[in-house]
Amino acid sequence: MMIILLGAGGQLGREWQHFLERSGEEQYDFIPYSSSDLDITRSDELAAELEKRQADVVINCAAYTNVDGAEKERERARKVNAGAVSQLAELSTVLGFKLIHYSTDYVFPGRAEDRSKYPQGYGEDHPAAPVNFYGQTKWEGEQAIRAKSSNFLVLRVSWLCGAYGANFIKTMLKLGRERKALQVVNDQLGSPTFTSSVVQHSWTLLQGGHTGTFHSTSGGLLTWYDLAKSVFEEEEMEVEVEAVSSDAFPTAARRPRFSKLNTGKIASLPGCEIIDWKEGLRRMLEQL
Ligand SMILES: NC(=O)C1=CN([C@@H]2O[C@H](COP(=O)(O)OP(=O)(O)OC[C@H]3O[C@@H](n4cnc5c(N)ncnc54)[C@H](OP(=O)(O)O)[C@@H]3O)[C@@H](O)[C@H]2O)C=CC1
Ligand SMILES: Cc1cn([C@H]2C[C@H](O)[C@@H](COP(=O)(O)OP(=O)(O)O[C@H]3O[C@@H](C)C(=O)[C@@H](O)[C@H]3O)O2)c(=O)[nH]c1=O
């Protein structure tokens, strides 16, 4: 089996690379491409490379993930998150590979009142209504996959965190070392997704021959403030965290007030354990 990994230099890409290098007992070859090896928006190069490699599986971890930046750099964000993904979907049909792709909780409406309406979170089939332009481009990418590929896995994840690359937990650790006090929003609810768990889920779905859309995140519901507090508690760092409302932390892009993903579908499959967010945090901090 030939596995192609796109966006191999990002946080999820690096977790995949680590996993594929480690689990040597499986019979596969894999080629990782960072953004400098292969720009997925260069359509001719992308098509030529995938045709040459005769991939069985293409894992797309490449994305434009700067949520605030996407509000301004609209064309670029759309090209990476929708245009290139649409081409990958077409190629998956023409060249006959399975496409594994990642999307986000930001495709959903994220209304505060949805917390009581959907206590387990948004299901895979809940109507999309992206909260910001990044979310819009990710939704367009998902839709192109459903329209053009018949052999795909789309995993939606939220608040992605892992040992590699940049994420909220690592930002908190960095800021906590530099400052005595921080302000963190306490009115946006969701749950972090740990990269090691996403890779494990994706691998299990691939091995099981599954297709379609799945939600993968940790168990529990919390705010970014709760997450920041727990990071400092676990690390025994004395940092004062002030809970603030989203209004006190203005950003270019709107953020959802509630963006829990319902993981019932993936959790029903053997081998897809949903770990509680605190346990996931502990494991990640140990890995760091
Ligand atoms: N981070 C998060 O909190 C969340 C992420 N997701 C989704 O999960 C997936 C993985 O995200 P994550 O690993 O955190 O993202 P990162 O930003 O860490 O990594 C994305 C990678 O894509 C690369 N890339 C960007 N543009 C291109 C391009 N045109 N061609 C090739 N590579 C490109 C980047 O390279 P370079 O840095 O050189 O530009 C980077 O290495 C994405 O689909 C994202 O939308 C979903 C929910 C939450
Ligand atoms: C650094 C910082 C952030 N915040 C707030 C801003 C924001 O509402 C929240 C999280 O900050 P981030 O910059 O990590 O947020 P953001 O970049 O929006 O994170 C998102 O990334 C994209 C790619 C996704 O798909 C989402 O699932 C989500 O993980 O915390 C504070 O309140 N205080 C702080 O000191």
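**Conventions.** The structure is a predicted model, in which local features need pLDDT of at least 70 and side-chain atom pairs count only at pLDDT 80 or more, while totals for chains, interfaces and linings use all residues. Residues are numbered from 1 along each chain as its sequence is written, and chains are lettered from A and ligands numbered from 1 in the order in which they are written.

View 1. The secondary structure comes to eleven helices and twelve strands, where helices (H or I, at least four residues) and strands (E, at least two) are DSSP runs numbered from the N terminus. The radius of gyration is 19 Å, close to the 19 Å that the globule rule gives for 288 residues, so the protein is as compact as a globular protein of that length; the radius is taken over C-alpha atoms, and the rule is 2.2 Å times the number of residues to the power 0.38. Along the principal axes, the C-alpha trace spans about 55 × 40 × 35 Å. Of the 288 residues, 44% are buried, a residue being buried if 20 or more other C-beta atoms lie within 10 Å of its own, exposed if 12 or fewer, and partly exposed in between, with C-beta atoms placed from the backbone. Among contacts between residues at least 6 apart in sequence, 85% join residues at least 24 apart, a contact meaning that the C-beta atoms, placed from the backbone, lie within 7 Å.

**View 2. The open parallel sheet of six strands.** The strands follow the order S2-S1-S3-S4-S5-S10, with parallel pairing; two strands pair if DSSP finds at least two bridges between them. Strand S2 (29-33) and strand S10 (212-215) stand at the edges with a single partner strand each, so one side of each is left without a neighbour in the sheet. Neighbouring strands are turned by 20° against each other on average, direction ignored. Strand S1 (residues 2-6) is joined to S2 by five bridges, with Leu-5 opposite Pro-32 of S2, and to S3 by four bridges, with Leu-6 opposite Asn-60 of S3.

**View 3. Strand S4 and its two partners.** Four bridges join S3 to S4 in parallel; Val-58 has Leu-99 as its bridge partner in S4, and Asn-60 stands opposite His-101. S4 and S5 pair in the parallel sense over six bridges, and here Ser-103 stands opposite Arg-156 of S5.

View 4. Helix H8 (residues 195-207) lies across S3, S4, S5 and S10, running at about 155° to S5. Axes are lines fitted to C-alpha atoms, for helices over the stretch in contact, and angles run from 0 to 180 degrees between N-to-C directions.

**View 5. The shell around ligand 1.** Of the 24 residues around ligand 1, Gly-10, Ser-35, Ala-62, Ala-63 and Leu-160 come nearest, a residue being near a molecule or strand if its C-beta atom, placed from the backbone, lies within 6 Å of it. Helix H1 (11-22) and S4 each supply at least two residues, and the largest share, three residues, comes from H1. By class, the shell has eleven nonpolar, eleven polar and two charged residues; Ala, Val, Leu, Ile, Met, Phe, Trp, Tyr, Cys and Pro count as nonpolar, Asp, Glu, Lys and Arg as charged, and the others, Gly among them, as polar.

**View 6. The shell around ligand 2.** Of the 19 residues around ligand 2, Thr-104, Phe-168, Val-184, Val-185 and Trp-224 come nearest. Helix H7 (168-178) and strand S7 (181-185) each supply at least two residues, and S7 gives the most, with four. The shell has eleven nonpolar, six polar and two charged residues.

**View 7. The loop that holds Pro-250.** Pro-250 is found between strand S12 (240-244) and helix H10 (264-267), and this residue is exposed, with 6 other C-beta atoms within 10 Å.

Definitions and conventions: Two residues are in contact if their C-beta atoms, placed from the backbone, lie within 7 Å.
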